[in-house]
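Please read it beside the coordinates.

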Amino acid sequence: MNRLLLPLIVLLTLPSVVRSTHLNNQKELIVTSESTRESIELAKYLKDNGVVKYSAYWCPNCLKQSELFGKQAYRELNVVECARDGINSQTQLCIDKKIKGFPTWEINKKLILGVLSLKELSKLTGFNN
């Protein structure tokens with residue numbers, strides 16, 4: 001009986017342990033890659049030109065997109081958190097903008113869904129470094 005009980009207890013508690021350690025109650029994206037001079041310049045240009053990234057802290061593609069910029073450049077971007085329980089959530093704005101998925105970029109009042117390379121963002125916005 002004890003041989004069956006221990007594996008059962010482990011099996012039942014494992015999903016909650018995995019979930020809790022995965023996010024560590026984190027409610028924002030944590031970017032770990034380093035930025036380049038070019039990615040910082042692009043991020044500043046995007047912000048100065050009204051480009052907005054709609055995002056959710058739990059979204060793997062949002063993290064992938066943010067890692068392309070690196071942590072220093074990411075801090076320069078105008079990012080709107082759409083998850084209701086995210087830090088500085090602006091869920092109503094995301095609803096009003098009809099955001100359908102993440103990440104979504106708003107460039108010149110046009111919504112573009114998906115991860116974009118820095119080169120693609122440069123081309124779409126007219127950034128020349």
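Does Phe 127 count as buried or exposed? At 11% relative accessibility, Phe 127 counts as buried, where buried means under 20% relative accessible area, exposed over 50%, and partly exposed in between (1.4 Å probe, protein chains only).

This is a predicted model, in which local features need pLDDT of at least 70 and side-chain atom pairs count only at pLDDT 80 or more, while totals for chains, interfaces and linings use all residues. Residues are numbered from 1 along each chain as its sequence is written, and side-chain values use heavy atoms, with hydrogens and water left out.

1. Aromatic pairs. A search of the whole structure finds three aromatic pairs. Rings of Phe, Tyr and Trp (its six-membered ring) pair if their centres lie within 6.5 Å; planes under 30 degrees apart count as stacked, over 60 as edge-to-face and the rest as tilted. One of the pairs is formed by Tyr 45 and Phe 127, which is tilted, at 5.1 Å centre to centre and 55 degrees between the planes. Tyr 45 lies in helix α2 and Phe 127 in the segment after α6, so the pair ties together parts that are 82 residues apart in sequence. Helices (H or I, at least four residues) and strands (E, at least two) are DSSP runs, numbered from the N terminus. Tyr 45 is partly exposed, at 24% relative accessibility.

2. A second pair. The ring centres of Phe 69 and Trp 105 are 6.1 Å apart and their planes stand at 40 degrees, so this pair is also tilted. Phe 69 belongs to helix α3 and Trp 105 to strand β3, and the pair links these distant parts of the chain, 36 residues apart. Both Phe 69 and Trp 105 are buried.

3. Helix α3. The buried residues of this helix (residues 60-69) are Cys 62, Gln 65, Ser 66 and Phe 69. Seen down the axis of α3, they fall within an arc of 95 degrees, so they line one face of the helix; the arc is that of the directions from the helix axis to the C-beta atoms. An α-helix has 3.6 residues a turn, so residues three or four places apart point the same way. The exposed residues Pro 60 and Lys 64 are carried on the face turned away from the buried side of α3. The buried residues of α3 pack against α2 (37-48), β1 (52-55), α4 (71-74), β3 and α6 (118-125). Gly 70 follows α3 and has a positive phi, near 90 degrees.

4. Backbone points to inspect. Most residues other than glycine have a negative phi, and most peptide bonds are trans. The peptide bond from Phe 102 to Pro 103 is cis, with omega near -10 degrees, and Pro 103 lies in the loop between α5 (91-96) and β3 (104-107). Asn 88, not a glycine, has a positive phi of about 60 degrees; this residue sits in the loop between β2 (79-81) and α5 and counts as exposed at 65% relative accessibility. Asn 108 likewise has a positive phi, near 55 degrees. Asn 108 is placed in the loop between β3 and β4 (110-113), and counts as exposed at 65% relative accessibility.

5. Thr 91. This residue lies in helix α5 and is buried, with a relative accessible area of 13%. Leaving aside its neighbours within four places in sequence, Thr 91 is in contact (heavy atoms within 4.5 Å) with Glu 81, Cys 82, Ala 83 and Arg 84.
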